Amino acid sequence: MTPPPIDHRCASDHRWMARALQLARHGLWTARPNPRVGCVIVRDGENVGEGWHVRAGEAHAEVNALNAAGEAAAGATAYVTLEPCSHHGRTPPCVDALIAAGVSRVVVAAADPNPAVSGRGLARLREAGIQVTEGVAEGNAVALNAGFMRRMTDGRPWVRAKLAASLDGRTAMASGESRWITGSAARADVHRWRARSCAVVTGRGTVVADDPAMTVRDVADPASVPPPLRVVLDSGLRMPADAAMLRQPGPVLILTASDDARRRAALEAAGAEVEKLPAGPHGLDLEAALLALGRRQVNEVLVEAGPTLVGAFVAAALVDELILYQAPHLMGHEGRALLHLPGLERMAQRLPLRLLDVRQLGDDIRIVARPDHGQED
């Protein structure tokens, strides 16, 4: 049987889109709240210009790539990881730049779910006589911008919950002592997850017990990373006004159900912003909290909290990914459990997870898993 002919253009499209995705990842820590986007301009099989979106308010990936290509962009193919914008935001529409440069073809990985863009950018290109190909490496592009996609479609961010435990699943000794369960490599990895997050969320109990700063530190150039919004869920508004995170640079938001004007004034005087939200069964309404963060253009959230709050997020089906660091030691049955998940009494009530990644960091193991709801991504 004669094998089918090789589609060389298809192979070439995937090759150049892989490069565009590689470029997009350069904005992993800095592009927020905008999506991470990369672009490559290819003419006669050669890369004549490339770029990525560095940070909000600055030129988009397409413009940076076109500027690098100059006159060589005429008649070229542009590979873009996300549908080019067609509206005026902080910068002019990228479709106008592509049309003006005279590109003959645009290959796009994923459509932009932003209602101001969705489909309009591709339609404008086609109206200008530019050939458009969609869906090349779409899954990779969507995964890179899972938070942006979620916010644009559901109004809330993508939620990751970070946990650290011993091999027997304990997060602290019975006394409450918990520093440090994991080694330096695992702790540095946490800072990389923080660096890519728009917000880091914790509870008042963690603030009182550990007094964390929750800043980004153990990365190559922490000064270049916009500080994530640090969010404290404090239904009773009892967070100490002298907490360490209030003495660190960067914004702090306290979400509460309390009307205590005196406590609110004290925390605002210490530098925090306070927003009131509806109460939930055991404190704050967690879904309302995530929608409030979505309104603040938060794409990705990293929850770093105790077993009760993380368990509440999991039980409410509001966690998209779990990041578990497991250290090779035993802390005993009297130590504190990984998650507080009451009501799971039978095997049929287990919450299934799907493993995405397992790797060793120093002496520890990092597991990235996703709740398995029986649906494809």
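Val358 is partly exposed, at a relative accessible area of 49% (buried is under 20%, exposed over 50%, partly exposed in between, with a 1.4 Å probe and protein chains only). This is a predicted model, so to speak of local features takes pLDDT of at least 70 and side-chain atom pairs count only at pLDDT 80 or more, while totals for chains, interfaces and linings use all residues. Residues are numbered from 1 along each chain as its sequence is written, and side-chain values use heavy atoms, with hydrogens and water left out.

**Around Val358**
- Val358 sits in strand β17, residues 353–361 (helices, H or I, need at least four residues and strands, E, at least two; both are DSSP runs numbered from the N terminus).
- Together with Leu355 and Ile365, Val358 makes a nonpolar surface patch of about 260 Å² (patch residues have over 30% relative accessible area and no salt bridge, and nonpolar side chains are joined within 5 Å).

**The annotated site**
- His60, Cys85 and Cys94 are listed by UniProt under "binding site", in an unreviewed entry; such annotations may be inferred rather than shown by experiment.
- These residues span 35 positions in sequence, yet no two of their C-alpha atoms are more than 9.2 Å apart, so they gather at one spot.
- Cys85 is in the loop between β3 (77–82) and α3 (94–101), and counts as buried at 9% relative accessibility.
- Setting aside neighbours within four places in sequence, Cys85 has contacts that include His60, Glu62, Cys94 and Val117 (contact means heavy atoms within 4.5 Å).
- Cys94 belongs to helix α3 and is buried too, with a relative accessible area of 1%.
- Beyond four places in sequence, Cys94 touches His60, Glu62, Val63, Pro84 and Cys85.

- Thr206 is part of helix α8, residues 204–210, and is buried, at 16% relative accessible area.
- A polar atom of the Thr206 side chain lies 3.3 Å from the backbone nitrogen of Gly306.

**Loop and helix ends**
- Gly169 is placed in the loop between β6 (158–166) and β7 (170–172), where Arg336, Ala337 and Leu338 touch Gly169, leaving out residues up to four places away.
- At the start of helix α9 (residues 261–269), a side-chain oxygen of Asp260 comes within 3.1 Å of the backbone nitrogen of Arg262.
- After α9 comes Gly271, with a positive phi near 110°.

Note on methods. A polar contact is a pair of N or O atoms within 3.5 Å; within protein, one must be able to donate a hydrogen and the other to accept it, and residues adjacent in sequence count only if both atoms are side-chain atoms. Patches are made of residues with over 30% relative accessible area and no salt bridge: like charges are joined within 9 Å, nonpolar side chains (Val, Leu, Ile, Met, Phe, Trp, Tyr) within 5 Å. Accessible areas come from the Shrake-Rupley method with a 1.4 Å probe; for residues, only the protein chains shown count as cover. A salt bridge is a side-chain nitrogen of Lys or Arg within 4 Å of a carboxyl oxygen of Asp or Glu.
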